[in-house]
Amino acid sequence: MASPDGTAVAYETLQWPIPADAGYGLADLRAARRQGGDYRAAIPAVIADLEIDLPAHVLADADEASREVARFDAELGTEIAPFASVLLRSESAASSTIENLTASARAIAEAEALGTTGRRNAALIVGNTDAMKAAVALADQIDDDAILAMHSALMRTSDPDMAGRWRTEQVWIGGGAFGPRGADFIAPHHERVAPAITDLLAFARREDIPTLPQVAVAHAQFETIHPFTDGNGRTGRALVQAMLRNKRLTRQITVPVSAGLLTNTDAYFEALGSYREGDPAPIVEKFSFAAILAVINGRHLVSDLREIRARWDSQITARSDSAVHRVADLLIRQPVFNAVTLRRELGITTGNARRYVDPLVTAGVIVEFTDRARNRAWRAPEVLDALDGFAERAGRRLLGT
């Protein structure tokens, strides 16, 4: 049965223990002891049979946004191969930025292509890209295992002990580090996670709800359950992509919805709060608006990349049937590469790599950024600039959003 209060959470009073003295400094011990006592944790609404009653204008906006997403997905046509990877990575970076994890396109591309680990944020964003890839790959079977696989892909490098595991402890948002009292939101007790996820998945599998409102509500419910100790937001937005693909609103690409949400993250978090108070309309509105912005920004990025690739044809002097042009095509989706990349992606042997790389250097398409005789690597600055431009546009706050 659906909750009589729709999406509104209820609360239960639980007890936070007063800690023992061991392991604390004096100031920390005082702060920890102040946490001892009653606290109120959320009880998520039951939504498997939820009737979504939204204002007509909210449904109309969601319908318009859905049409724009489907149109964008279809219009790439035969050019899907290079742009699918770019848009997926762009969504991953935007989703990470919502969690204050930022890095340049160059740093992200180097971390992904070369395995560089010196820049923590870039490595975490690459983990989010892996989670997005898992989400798309598992879109046909959205179940417990799929969500755990997304989280495992996200966290296996940064926190392997908890990657792909439901939490077994109380978590909260905001407040202090020693206990939940005074937090902005105290998630459900961990014993409620498994049944709440089962209920959420039953809702997600329904076929009687318009897709975008269903995806928005499922996302808000996931964030309310907060089933992991870390990585909930990024996993929840990966789940969005899995559902869009599962419901066939997107068939080929990842529409960077998180980039749309970035225009006003305060409104996004406020909409999640409204959902927990029983009003799902604001989060559906945010997703509709974010989807429209994502399509606009995505089209801008695709246009930039098309122009860059066309300009290269006038700069490259190699024959039209040379593999040099295949390397140039690869740069659109892989703007940082080395000889290993060329062997893996194009079957070009390591010994022949320079034969196809040097003409691109001469044409000004790529530059080498490693100063060593072995393990040399190159980057395509124009592509990286276009990706940074996408991120900059996504991060702008728009008046009235």
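In this model, Arg 248 counts as partly exposed, because its relative accessibility is 38%, where buried means under 20% relative accessible area, exposed over 50%, and partly exposed in between (1.4 Å probe, protein chains only). The model is a predicted one, in which local features need pLDDT of at least 70 and side-chain atom pairs count only at pLDDT 80 or more, whereas totals for chains, interfaces and linings use all residues. Residues are numbered from 1 along each chain as its sequence is written, and side-chain values use heavy atoms, with hydrogens and water left out.

Arg 248 is placed in the loop between α9 and α10 (257–261), helices (H or I, at least four residues) and strands (E, at least two) being DSSP runs numbered from the N terminus. The phi of Arg 248 is near 65 degrees, a positive value in a residue other than glycine. Helix α9 (residues 232–246), which Arg 248 follows, has 15 residues and reaches 20 Å from its first C-alpha to its last, close to the 21 Å expected at 1.5 Å a residue; the expected span is 1.5 Å times one less than the number of residues. This helix is mostly covered, with 14 of its 15 residues buried. In the loop between α8 and α9 lies His 226, whose phi, near 50 degrees, is likewise positive in a residue other than glycine, and His 226 is buried, with a relative accessible area of 13%.

Helix α8 (residues 211–225) contains Pro 213, which counts as buried at 2% relative accessibility. Apart from its neighbours within four places in sequence, Pro 213 is in contact (heavy atoms within 4.5 Å) with Leu 54, Leu 59, Ala 62 and Val 284. By contrast, 46 Å separates the C-alpha atoms of Pro 213 and Val 324, which are 111 residues apart along the chain.

Ala 62 is also one of the buried residues of helix α2, together with Val 58, Ala 65, Ser 66, Val 69, Phe 72 and Asp 73. These residues lie on the same side of α2, because they cover an arc of only 130 degrees around the axis, the arc being that of the directions from the helix axis to the C-beta atoms. On the other side of α2, Ala 56 and Ala 74 are exposed. Helix α2 (residues 56–75) has 20 residues and reaches 29 Å from its first C-alpha to its last, close to the 28 Å expected at 1.5 Å a residue.

Among the strands, β1 (residues 10–16) and β2 run antiparallel and are joined by seven bridges, two strands being paired if DSSP finds at least two bridges between them. Leu 14 stands opposite Tyr 39 in β2. Five of the seven residues of β2 (residues 37–43) are buried, so this strand is largely enclosed by the rest of the structure.

An open sheet is formed by three strands in the order β5-β7-β6, with antiparallel pairing. Its edge strands, β5 (336–338) and β6 (367–368), each pair on one side only. Three bridges join β5 to β7 (residues 377–379), and Val 336 stands opposite Arg 379 in β7. Helix α4 (residues 105–114) packs on this sheet, touching β5 and β7, and its direction makes about 30 degrees with that of β5; axes are lines fitted to C-alpha atoms, for helices over the stretch in contact, and angles run from 0 to 180 degrees between N-to-C directions.
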